[in-house]
Structures are given as structure tokens and as C-alpha cells.
There are 4 protein chains.
Amino acid sequence: MPALSDSATTVSELRERVLSFVRERDWEQFHSPKNLTMALSAEAAELMEHFLWATPEESRVVAADPARRAKIAEELADVVIYALEFANITGLDVAASIEAKMAANARKYPIEKARGRSAKYTEL
Amino acid sequence: MPALSDSATTVSELRERVLSFVRERDWEQFHSPKNLTMALSAEAAELMEHFLWATPEESRVVAADPARRAKIAEELADVVIYALEFANITGLDVAASIEAKMAANARKYPIEKARGRSAKYTEL
Amino acid sequence: MPALSDSATTVSELRERVLSFVRERDWEQFHSPKNLTMALSAEAAELMEHFLWATPEESRVVAADPARRAKIAEELADVVIYALEFANITGLDVAASIEAKMAANARKYPIEKARGRSAKYTEL
Amino acid sequence: MPALSDSATTVSELRERVLSFVRERDWEQFHSPKNLTMALSAEAAELMEHFLWATPEESRVVAADPARRAKIAEELADVVIYALEFANITGLDVAASIEAKMAANARKYPIEKARGRSAKYTEL
């Protein structure tokens, strides 16, 4: 099986992989939106835990550490798997949702006002 | 601009959109792995909040409610945007990470043992 | 050492225990509000993970299971320890904050309107 | 009503306040362990969001800012309220759980090995 890569894989292809895995195990019964968002949240917290006591600068070093990197990639995969399965179960389109959200973000954070600032749009 | 859709959009295309948005605003300085996983975790919690007091079955109804659906799509978009930006900053390949994680999951959860069961692999 | 119990222990006594533990290890340098809320969030997610695939009703059974109960008590302790240490570091009074928040909640959720309903106050 | 304070309030007194509030509104039906840990996790994330883009050092300044402080105190209260209500519903004793967990932590993190280090006990 040729390896997948971001440049050659559509979001739908990933969604279908996840869906097949779930259906083969008859797990859709457990995959309510409530349960999937709990799982997603728990996996996001596990990813975050890798960087708990590091400073932001140190966290860049942690993420580049080969010994940590494999584990970090696994946690990232878990997060995206649950996000895609949430899209499968709810019928939402991830790419369209991102496009719409980024258009809204562009209005909230105009380049000239937001450049180099981390303040929330309500405080710009 | 033609609308994006999961079936016609690669993961890389989404990653590049996010990266352009961030670079135009000179926000990479804030996007350490530590900060991005905090943001990801916070957005995952916001998505989860939509289903807080609903039963799992009721959460399917909540997710189908047109009035809620637009907000839920926004929170899902935020989660995936931060996951993709985390991939941008760390250089991880999302599709390859998912493929590797699903292969590991397939070993931990063989179909015949895992079918119809929500138990953790250590308890199968 | 006599065992502590909720009925005979003030919040301050617990706060001081946590503070001593931290100071003996010279850990205050790591205990910025940012880091402590990340740790708190990660521990809350670990507590939540015990109930991930259970229905709300099943989760009551899980919490009563003696084998699980010890682990659940540990996660709960971790959550409260980090909350108390956050209070230590920021100088907030937990009991006063709770009293003020419950007074605000009582105004948002008057008994006659909120009884038996899980809706957010904005939707009552 | 005299104001509560940490030095004069036992954990049980706080637990009873929370329980009365919940019972008056007939909310125990919604307070399964599953739902309460979701709520706790969501509130912990809201507390964390105050410090999202700040460095650890800057987060100390944020927490001292009078304008932010009232909001931060509210989020902290929410976290502890849900932790106490989880204790109410499961019958766990918070102080005893903390005492037991700190004893275990003291064994995992002996002072001489852990002093001034943020590493996990498995890496000390």
C-alpha cells in the first residue's frame, strides 16, 4: 500500500478511511456527537500535555525531538481522526467549514489591525 | 472563488490556506507548539459544550438542528484549523500520521475482538 | 497522621498542604497561571476519559465500581490540587469566589424557571 | 450573610452549598459523572483561555490585572463547583483523596531528586 501524504490526499479520502475502520467494528453506535467531542477533547489534552511545563520557546525544541516526535504525531492523528469522524457522523464538510470560518476570521482580524498582535478581535 | 469541499481539497491545500492567513498577520511568533495545543484544546472544549447536558441520543438531534449547526461547524473548523497549523509549525504530515495511527489501531483492535464493543484494547 | 476529611478540613488547610509540597521542590518557578491552567485542563480531561463511551446512566455505575474508584479519586484529587495551587499563585480566595459565583448563578437561574431544566440561562 | 473565606470554610460547607443549589433546581438528574466531568473540563478550558497567547511570565501579569481578575475568579469558581458536585454525586471525599494523592506524589517526586526540575517522575 503506498503511503498517504498531505499533498496527495483529499479530506474525503481520510474521512472514508476512518469511516471504514469504524463500520468494520460496528462502532457507529458509540459515535454520538457527544461522545466524539469528548474523545476529541481528551485527545487534544493528551497532545497538549507534551508541552505542559515547557516555555513556548522550549516547546519548539520538544516538538523537534525525535524521541517525542513519534508520540506527538500519534496524538495529532487521534485529534484529526475524531474530528473527521465527527464530520462523518454529522455530515458537515470540513473544507467548506474551514473556508467559511477563515472568511469570517479575515473580517474580524483585518491584516492592518491584527499584524503582529495576539489580542482578541474584540480588543484590537 | 469556487467553494472548497472535502472531496476536491487536499490536506495540503487547507494547510496552505491556514499558513497564508497566519503569515499575512505575522502570527507565527505566537504559534509555538505549546500555544497551538492550548488553542486546539480550548476549541475542542467549545465544540463539546454544545452537547454538555444532552444524552448521547439527544446530541444527534442537537447536531442536526439548523440553528445550532452553523455554530457547530464553526467550532469544528477552529479545531481543524489549529490542528493543521500545528502540523505546519512542526512539519508533521497529517495524512501519514493518520495512516500510521490507524494501522496501529487495527492491531490493537482486531475486528473480530472489537466488533460492537467500546472497551479499551487493554480490556478486550 | 490523622486522615483528612472534608468535614474537618478548611480550604486553607488544603491550600497550605499543596503550597508546602510545591515549595519543598522549588516548583513555584514552573507554576505560572498559564502552566497551571494547562495542567488543570489536562487532569480534567483524564478524569473525563473514565466516562468516555459510557452513557450518562452507565457512568454512574462506572463511578461506583471499586476497581475504577481509586483511579477516579486520584484524578479528582489532581484537578483540585491544581485549582488550589492556581489560587495560591494568584491570591484568589476559592470560597469567596464560589460564593460570589453562586449568587450570580442564582440570579441567572431562578428556581421557578430553572427547575428540572438543563437549558442555558439565555434560553430559559 | 457573612462572606465565606478559605480560612473559615470547610470543604463540606462548600459541598453542601453546591448540593442545595442543585437540589432546589432538581438538577441532580443531569449530574451524571459523565456530564459533570464534561462540564468541569469545559470550565477548565475557559479558565485556560485567559492565558492562551501570553508567555508564562506574561500570564502572571494577566492574572494580576484587576479587569481580568473578576472573570478569572468566576472561571476558577466554576471549576471547583463542578469538582465538588462530582464529589457529591460519587460520594468521594476530596480532602482524603488529596491527602492520598499527595502521599503518592511525594513517593514519586522525592524532594532531593525533584527539586527545581519539571520532568515527569518517569524521567527523573
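Reader: How many salt bridges does the structure hold over all chains?
Author: This predicted model holds 24 salt bridges over all chains.

Reader: And how many of them are between chain A and chain B?
Author: Six salt bridges are counted between chain A and chain B. One of them pairs the side chains of Asp78(B) and Lys101(A), at 2.9 Å from N to O. Glu99(A) and Arg17(B) also meet in a salt bridge, at 3.6 Å from N to O.

Reader: Where do Glu99(A) and Arg17(B) lie?
Author: Glu99(A) lies in helix α5 of chain A and Arg17(B) in helix α1 (residues 11-24) of chain B, so the pair joins two chains.

Reader: Is Glu99(A) buried or exposed? What about Arg17(B)?
Author: Glu99(A) is buried, because its relative accessible area is 12% and the limit for that class is under 20%. Arg17(B), at 32% relative accessibility, counts as partly exposed.

Reader: Which salt bridge does Arg25(A) form?
Author: The side chain of Arg25(A) meets that of Glu24(A) in a salt bridge of 3.3 Å, N to O. Arg25(A) counts as buried at 2% relative accessibility, whereas Glu24(A) counts as partly exposed at 40%.

Reader: What does Glu28(C) pair with?
Author: Glu28(C) forms a salt bridge with Arg23(C), and their closest N and O atoms are 3.1 Å apart. Glu28(C) is partly exposed, with a relative accessible area of 27%.

Reader: Back to chains A and B. How many residues does the contact take from each?
Author: The contact takes 81 residues from chain A and 80 residues from chain B. Asp6(A), Lys34(A) and Glu99(A) supply 11% of the area that chain A buries against chain B, more than any other three residues.

Reader: What is the area buried between the two chains?
Author: About 6,800 Å² is buried between chain A and chain B, and carbon and sulfur atoms give 67% of that area.

Reader: How many residue pairs are in polar contact there?
Author: Between chain A and chain B, 42 residue pairs are in polar contact, both residues being at pLDDT 80 or more. On the side of chain A that touches chain B, α4(A) gives the most, with 16 residues. The residues of that side divide into 45 nonpolar, 19 polar and 17 charged.

Methods: Residues are numbered from 1 along each chain as its sequence is written. Chains are lettered from A and ligands numbered from 1 in the order in which they are written. This is a predicted model: local features need pLDDT of at least 70, side-chain atom pairs count only at pLDDT 80 or more; totals for chains, interfaces and linings use all residues. Side-chain values use heavy atoms; hydrogens and water are left out. Contact means heavy atoms within 4.5 Å. Buried area is the accessible area (1.4 Å probe) that two parts lose on being put together, summed over both. A salt bridge is a side-chain nitrogen of Lys or Arg within 4 Å of a carboxyl oxygen of Asp or Glu. A polar contact is a pair of N or O atoms within 3.5 Å; within protein, one must be able to donate a hydrogen and the other to accept it, and residues adjacent in sequence count only if both atoms are side-chain atoms. Helices (H or I, at least four residues) and strands (E, at least two) are DSSP runs, numbered from the N terminus. Ala, Val, Leu, Ile, Met, Phe, Trp, Tyr, Cys and Pro count as nonpolar, Asp, Glu, Lys and Arg as charged, and the others, Gly among them, as polar. Buried means under 20% relative accessible area, exposed over 50%, partly exposed in between (1.4 Å probe, protein chains only).
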